[in-house]
Amino acid sequence: MAVEVQQRHQRPPLWRDVTVLKWAAQLVVLAVVAAILWILGTTGAGNIDDRGLTFGWRWLTDPPGISIREGIDLLPDSGSRAMLVGIVNMLRVTVSGIIVATILGTIIGIARLSKNWIVNKTANVYIETIRNTPLLVQIFFWAALLRLFDEPLEADIGVKWLHISSKGLAIPWIRPDIGFWQWLVFVVVGLYFARVMYRRRIRHLEESGEEAYAFTYAAGTVLLFALVGWFAHPLMAFLGPVWGGIASFFGALPTWVVQAVLAVGALGIAGWWIKRFLDGLRTPAGLAKLTDDDIFRIVFASLAGVIFAALFIVQGGISNLVLDGMRNLFEFFDGKFGAAEGGLRTGLPLRWSRPFVEVTGANFFQYGSGGIVITGGFFAIWVGVTLYTASFIAEVVRAGILAVVRGQTEAASALGLRRSQSLRLVILPQAFRIILPPLGNQYLNLAKNTSLGIAVSYPEIVLVGQTLYNQTGQTLPVVLFWMVFYLSVSLILSSIVNYYNRKLQLVER
Amino acid sequence: MVKRFVLLIAVLALVAAACGDDDTVDETTATTAAVTTTAAPPGQAAPGGTLAAVIADGKLDCGVSTAAPAFTEFAPDGTVSGFDADFCRAVAAAIFGDADAVQFRGTTAAERFDVLKSGEVDVLFRTTTWTMSRDASGEAGVGGDFGPTTYFDGQQMMGKRDRGFTANSGFADIDGAIVCSISGTTTEKNITEGAAAAGVSITLEGVVDNPESMEKFAAGTCDIVTTDGSALVGSKAQLDEADEWVIFPPSPISKEPLGPMYRQNDSEWADVINWTVYATIIADEKGITSQNVDDMMDIDGEATRLFGGDGELQTSIGLPADGFLQVIKQVGNYDEIYTRNLNPVGLFREGSLNARFTEGGLQYAPPAR
Amino acid sequence: MTGRIVLPDTEPERPPEPPPHGPIVWAHENLFSTVASGILTVVVGTLVVLFLVGVLGFIFGADRRWDAVFFNTRLMMTQAYPEDQYFRVWLSLGIIVSLTGLSLAVWQVGGRVSLNRITRLLSSIGAGLIGLEVLGPFSIRARVIGILIGLVLIGGSYLVKRAAGERAKQETIPLMAIVGIVPALGVVALYVLRIPTRLAEDNYAEQVLAPIANSTRIPITVLFVVGVVAYSVGVLMLDRMPNATARVALVGLWVLSLPAIVLTILRDPELDYDKILAIPGFQEGYLWWAVIFAVGGSLLITYLGSPARGEGGRAIGGLLVVVALASWGVSMLVLIRLFLLFLATFALAAPTFGGGEGRARARIVGLWVMTVAAAAYFVVLVSGPSTVQVQTTFFIGGLFLSFILAIFGIVLSFPLGVLFALGRTSSMPIFRLMCVAYIEVVRGVPFITWLLTAIIVFPIFLPLGVQVSNVVAVLVMTVLFSAAYLAENVRGGLQSVSGGQIEAAKALGMTTAQTTVFIILPQALRAVIPALVGQVIGTFKDTSLVIIVGLFDFLAIARNVIPNQRVPFNNLDALTEPLMYAALVYWIFTFSFSRASQRLEKKLGVGER
């Protein structure tokens, strides 16, 4: 007897359906969170009115009436300019700190693995001491240390190589001079040709198999161009009118053009991202089934594109800002090229400058504008943050090197490579891939740790922001500014690190 | 799993319970969230106001400096002394009859106004200069109100003798100097404007509070330090044993009337603060001190109204009948407060703006009638 | 012919020669193995010696103001805690010390070490002492004494090692005995050692070397004895009861005692007994409400946990959630609202976790009762004002405050961090988005910015009349911040759990919640213990940042209060000494912690398969 088997696809009742329950739970939680935020918002708005506080962005354009101890502009004429000074100060510490901390950390990390007992123990003591003491304590210590020195006295007047006093640390420095930007053009062209040269030598190496010294050739090209440019840079003066022309082009451009370009650009980027995302999901049989997650992402991306496009169209100010910025940039370049007062710019691009102690006003001994004067605040935060991050980088490097398979070390020594050669040619390149993500993390930490400059009165963005909101009472807008700034820095830094990370991953099989 | 659940409880319990101050009863948070408030919303003239809130709280939250020599000093064991601290105690004595019913909150110059406006403190006795922008509300102003000036001060500068400064130096002599001043104060703006007006160029180094600026000055990081004259005199008395520092110019470069500051639109509270200060000044005018107040409380009608009798004036502003009597008894009159705190550092009333109005000074109180 | 092979004359077998050893061989291998290494040794060695001479000269220099530090140790530990209440501080320390002693015994920390290691340690201490005396700026007498002691240590350990012979290599000596000697020596030093300080008798005129103050000597000795006694009791306990029970009991004791110490002993709240014991109404009667909820809730959970309930049970749970949310709009005790919230959570979880056989249900009911008790305990204690008479805004400061912030911050951020990690790896997009947004925003902004935000922005968003003290705001911010970092660490662990585990759990019929709680989380958390401990150390170091927002913690006192003391003696030039002391104290705690975590890692075999 034939039995009919019927297949019926039964959906469970609504209150037991997992999908329904999941979405219900999410929506309920979302509603609760939204309710809490709404309550906070209305309470906040109410409190702001009651207590006579204000929330506005006028403080960005109003003259702040403060002066800043060091930076690109000691008497900023608007709040936004003051914040810019703070940002530049923070970047000064961050960039120089990252460079030095990486070098120092790598050296110490390798030293930690050395067979030499003294070197090994010294590195170990350094790492254990610095890592286990809170950063703020170290920063205070460096600040206090500098204050133990005497101030500059009459006996100190004159040009120095290096001078330490309670007013700061003065070291010699190289400064860009008149012909700097023209010379820079030569260097940039040289970099391009260096890349071409590098590629050629690498191709030569791969075809012939003999040592091609690719890096040496490339470096030599750059140096050659730099040397030629040192003497020949006035030739670049013709670029001056070019920049001027571009600047006037931007000046003449109507705002709506820029708005349209930006809006189309936002939509275009969103569309390109969606297309790339969908391409990634395409299988030979057609488009893969989209999960909740994927739909969510596509919706989110298109929403973001539409919102940004709308923002650009509605807020003309943004486009104005962009136009002004471009125009100012090219006018700046124009000023640096071509004819200065009295003919072409001749003169060396770089200038060697030594610090000096001079008498100012009525009997004050200050550092003049020669060399670089590292004030107490900058010294404390820079040394503190660099040494601290270097100790963490040392541990990261050490872990990376140890993670390279032992077989590689043994194979290298079997091939007859010395330890330093095997380190440089075999181990470090492989370790680099492992080191990169945590290294990026340490860079982020360094950037965030510079915010401790407030403790030693170094005028980076947190201290400048605090001074501004003390003067104007605009605490909430300043806090929002900080968050946007730091989030952008984190985003940019982690994107850079992720980009290199991905490049390294692709190389691997 | 046991641990985790217990910890989860602890999370929610502590976070929710954190909605109450250490010292306020839990229930004010529950009631005020939904129903009409019984506690005073800070900064508003609701029925009750700050006075009712302070009385309900049982103590006065007084905002003072973190470290201003002779005005507010935190001793290692936590006791607070100083000119401003004593006035805080006077207000507490007036309200509660107990000069120790005070909780001191040290604030930096930068955060003092926020602390006042948010309600964390009830009054600021914090060497705050009375200026128009601080009185004003709105975007340009701070939005507070001031009581009677307890100390007429002026901004001055301090330099080192071996740089050639004398008591008669002036703006022209500070050209090219690095000047330390406290961020967020009127002194910062004054020195900038003064230097610009005198045509000299200075570099301003901002510091957080007075001890830091003294540190930097002593170490040589700053060439000049500028702040209220009283703070300079106080610091010099404590730190400059070799008399190497000198304060100039002889007449201050700005007016700095220092006094109590409280929130706007609270006239009842204003009356309490103002008349406490005036009571000390009136007692000083009459020569009534903490020693002789019991005997002297009847020397004339005004003294009786303030310190003896049925205390009608006191109760009409919300204080207990013996409020001002307790002020004089437990803290002293203006002269005692001044002498106790400021004389040891070399600030004297005679010849200064803080002398009695009968002796050429500016301390003058309206009649208590 | 028989097949006997006669071998030529060979020498009898000798044992293999031991490899060359001795100091000269060691120096050759480690210091001078190649020319480059030799040059490095010389250069680095010289630099190190110069550095040490400079540092030691600085630390022991004549114009160092160590008296400013030693005079103020009490200030740095507890700031303004009143003198007449100080027995509370000692009581708390006593409890902590005894619990530590018990824990060391119950977890059988330590093990055994060999005599070799001890003699090696002693010789290196001796060598270090000799180096210290040679390089530091000491008087001839001090140098001679120090060098003699060092030589005695080195010589003595060498002799002992020779005398013990082969036995020296075996691990015979219990580590705890050695570890116990260090605090014993410390206690002895309290009576013998002289430190630079100033005496009240001279009116604090000048620095003298005097023994450490009387008042702290005796309590510290008592504490040490208590610790030793606790350790012995713990060892005895282990003999009488099974390991697991002892450990659970001890964990329970720790969990109960830490908040009890802070909230009850140190803070000494003034409780309104009328309100607590009153007939339950909407605004009072804490105790009776707790009883009502405990009993009623247990009944409800038992009812819901029975497997026959099914959908009805979940419907009741959903209803309870609505009631709990609605209760925040009605005016009632915060405690009641919390009870309702917890009840809703337990009601929803009861069918999953409390169903089935009696043991699971008994467990969840027990958990509920404990929850009710703990919540009532906390809320009642925190709502009473502190009776400790201090004129600052928080009842304690100094190192105690740093520890309170660190411990409460870490403990409270733990469940929050786990929740965020689970949310971040969840398959539900809205949860994921919210958790990602939270984690990325919190991690991207520096901690000091968050602290400033907490202090200045929180008051703006609180409803009128609600006041939050600075310390509580900082604590909440620490919890939120630490939770984000914790979430990232736990996320790494969650991703390391292999998919096979989840599939097996599904095959067994476990729900998602059960899988998460019983299968995934234990493995995930165990895998990330090193990262978690690193996070704990990081949070402890981060508490030093509260000086910037004006809290009087340990660093604030060292940096701000001490150099500004003018009475009883002027400390203007004592700028670096308190900082060095603070650095040392922080370093001791952090270093011990990281060392302990390394040993824990090795013991748990994390990372090994």
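**View 1. The domains of chain C in the predicted model.** Chain C is divided into domain 1 (82–266), domain 2 (271–384) and domain 3 (391–609), with bounds that come from an automatic or database domain assignment. Between domain 2 of chain C and domain 3 of chain C, the C-alpha centres lie 29 Å apart. Because this is a predicted model, local features need pLDDT of at least 70 and side-chain atom pairs count only at pLDDT 80 or more, while totals for chains, interfaces and linings use all residues. Residues are numbered from 1 along each chain as its sequence is written, and chains are lettered from A and ligands numbered from 1 in the order in which they are written.

**View 2. The side of chain C that touches chain A.** Here 49 residues of chain A are in contact with 44 residues of chain C, contact meaning that the C-beta atoms of two residues, placed from the backbone, lie within 7 Å. Among the elements that give two or more residues to this side of chain C are helix H2 (35–59), helix H13 (311–327) and helix H24 (576–604) of chain C; helices (H or I, at least four residues) and strands (E, at least two) are DSSP runs, numbered from the N terminus. H24(C) gives the most, with nine residues.

**View 3. Paired strands in chain A.** Strand S1 (residues 158–159) of chain A runs antiparallel to strand S8 (residues 356–360) of chain A, joined by two bridges, where pairing requires that DSSP finds at least two bridges between two strands. Gly158(A) stands opposite Val357(A) in S8(A). S8(A) also pairs in the antiparallel sense with strand S9 (residues 364–367) of chain A, over four bridges, and Val359(A) has Phe365(A) in S9(A) as its bridge partner.
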